[in-house]
Amino acid sequence: MTNIYNAILQAKTENRKLLAILLDPDKIDLNKMDYLIQKIYQSPATHIFIGGSQVQNNILDELILTIRQNSTLIGQDALPIVLFPGNPSQISANADAILFLSLISGRNSDYLITHQINAVPILKKTQLEIISTGYLLIESGDETAVARVSNTKPLDRNNSDYVMHTAQAGEMLGHKLIYLEAGSGAKQAIPIEMIKKVSNNIEIPLIVGGGIIDLQGIQNAYEAGADLVVIGTAFENDPDFFNHSN
Ligand code: 1GP
């Protein structure tokens with residue numbers, strides 16, 4: 001597998017937009033994986049993200065191996081499998097890379113640095129590509145699982161300047177990606193003006209996810225400057241999501 005971060009940078013340079021389908025191990029039926037993987041490979045997805053706020057089962061390793069087996073059967077180039085963990089127990093050496101997240105919108109030291117420290121001994125035993133990511137949770141209607149589990153307050157969706165400064169601080173601290181997160185199943189996606197403001201004022205690639213429920217929403221995020229969009233719930237609810245004209 002080529003370096004995943006470099007490929008993201010390359011895509012940004014070429015203005016090639018990227019799409020990750022997020023699979024939550026808690027919501028996946030391993031017996032239906034062949035069908036789901038087929039749908040993923042028929043979709044425009046460029047990455048498979050794996051994670052959830054509270055993965056409680058131990059199927060992570062098995063899930064990734066099942067994805068790999070089914071991907072091989074499909075015979076296309078395998079999509080990179082990237083961990084998007086809620087805590088250090090959600091690490092599997094079988095993935096290709098990990099978004100090494102710091103929840104810089106929050107003020108809970110567990111999610112800023114403690115979980116990361118605890119993850120180090122586990123990560124050191126793997127070959128995972130580690131991609132440092134500044135993770136910003138933005139207010140999106142009702143309380144989301146990320147806000148509840150991380151016990152942090154999302155940033156004000158009407159204060160794009162503060163969100164932009166937080167993203168810029170993340171970039172200055174050396175994060176390689178910025179992720180604007182509305183939360184899985186969010187009522188409201190990240191505001192378009194906010195995506196524009198942040199993307200125009202950072203150099204590193206921008207990921208946007210949470211609450212995007214139609215193809216137009218993906219397009220709008222791209223046009224506003226998102227480099228990679230994450231789709232979880234919409235695909236989970238309807239594996240034919242990408243076949244609809246909208
Ligand atoms: C959540 O950004 C992702 O972490 C995806 O959110 O499930 O709402 O698509 P959805």
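**View 1. The largest nonpolar core holds 81 residues, and Phe49, Leu99, Leu180 and Ile231 touch the most other members.** Strand E1 (residues 18-23) gives this core its largest share, 6 residues. A nonpolar core is a set of buried Ala, Val, Leu, Ile, Met, Phe, Trp, Tyr and Cys residues joined through side-chain atoms within 4.5 Å. Buried means under 20% relative accessible area, exposed over 50%, and partly exposed in between (1.4 Å probe, protein chains only). Helices (H or I, at least four residues) and strands (E, at least two) are DSSP runs, numbered from the N terminus. The model is predicted: local features need pLDDT of at least 70, side-chain atom pairs count only at pLDDT 80 or more, and totals for chains, interfaces and linings use all residues. Residues are numbered from 1 along each chain as its sequence is written, and side-chain values use heavy atoms, with hydrogens and water left out.

**View 2. Phe49 and its contacts.** Phe49 is buried, at 2% relative accessible area. Leaving aside residues up to four places away in sequence, Phe49 touches Ala20, Ile21, Leu22, Leu23, Val82, Phe84, Leu99, Ile207, Leu228 and Val230. Contact means heavy atoms within 4.5 Å.

**View 3. Phe49, Phe84, Tyr135 and Tyr179 form one aromatic cluster.** Rings of Phe, Tyr and Trp (its six-membered ring) pair if their centres lie within 6.5 Å; planes under 30 degrees apart count as stacked, over 60 as edge-to-face and the rest as tilted. The count by this rule is 6 aromatic pairs. One of them, Phe49 with Phe84, is tilted, at 6.2 Å centre to centre and 40° between the planes. This pair links distant parts of the chain, 35 residues apart: Phe49 sits in strand E2 (residues 47-50), Phe84 in the loop between strand E3 (81-83) and strand E4 (97-103). Phe84 is buried at 8% relative accessibility. The rings of Phe84 and Tyr179 are stacked because their centres are 5.1 Å apart and their planes lie at 10°. Tyr179 belongs to strand E6 (residues 177-181), so its pair with Phe84 ties together parts 95 residues apart in sequence. Tyr179 is buried too, at 1% relative accessible area.

**View 4. Helix H7 (residues 192-201) packs with helix H8 (residues 215-224).** Their axes come within 8 Å and cross at roughly 30°. Axes are lines fitted to C-alpha atoms, for helices over the stretch in contact, and angles run from 0 to 180 degrees between N-to-C directions. The crossing of H7 and H8 is right-handed: the near helix is turned clockwise from the far one by less than a right angle. H7 brings Ile192, Ile195, Lys196 and Ser199 to the contact; H8 brings Asn220, Ala221 and Ala224. By class these are 4 nonpolar, 2 polar and 1 charged. Ala, Val, Leu, Ile, Met, Phe, Trp, Tyr, Cys and Pro count as nonpolar, Asp, Glu, Lys and Arg as charged, and the others, Gly among them, as polar.

**View 5. H6 and H7 make a right-handed crossing.** The two axes come within 9 Å and cross at roughly 35°. From H6, Ser160, Asp161, Val163, Met164, Ala167, Gln168 and Glu171 meet Glu193, Met194, Lys197, Val198 and Asn201 of H7. This contact has 5 nonpolar, 3 polar and 4 charged residues.

**View 6. Asn15 has a positive phi, near 55°, without being a glycine.** Asn15 lies in the loop between helix H1 (4-13) and E1. Asn15 is exposed, at 57% relative accessibility.
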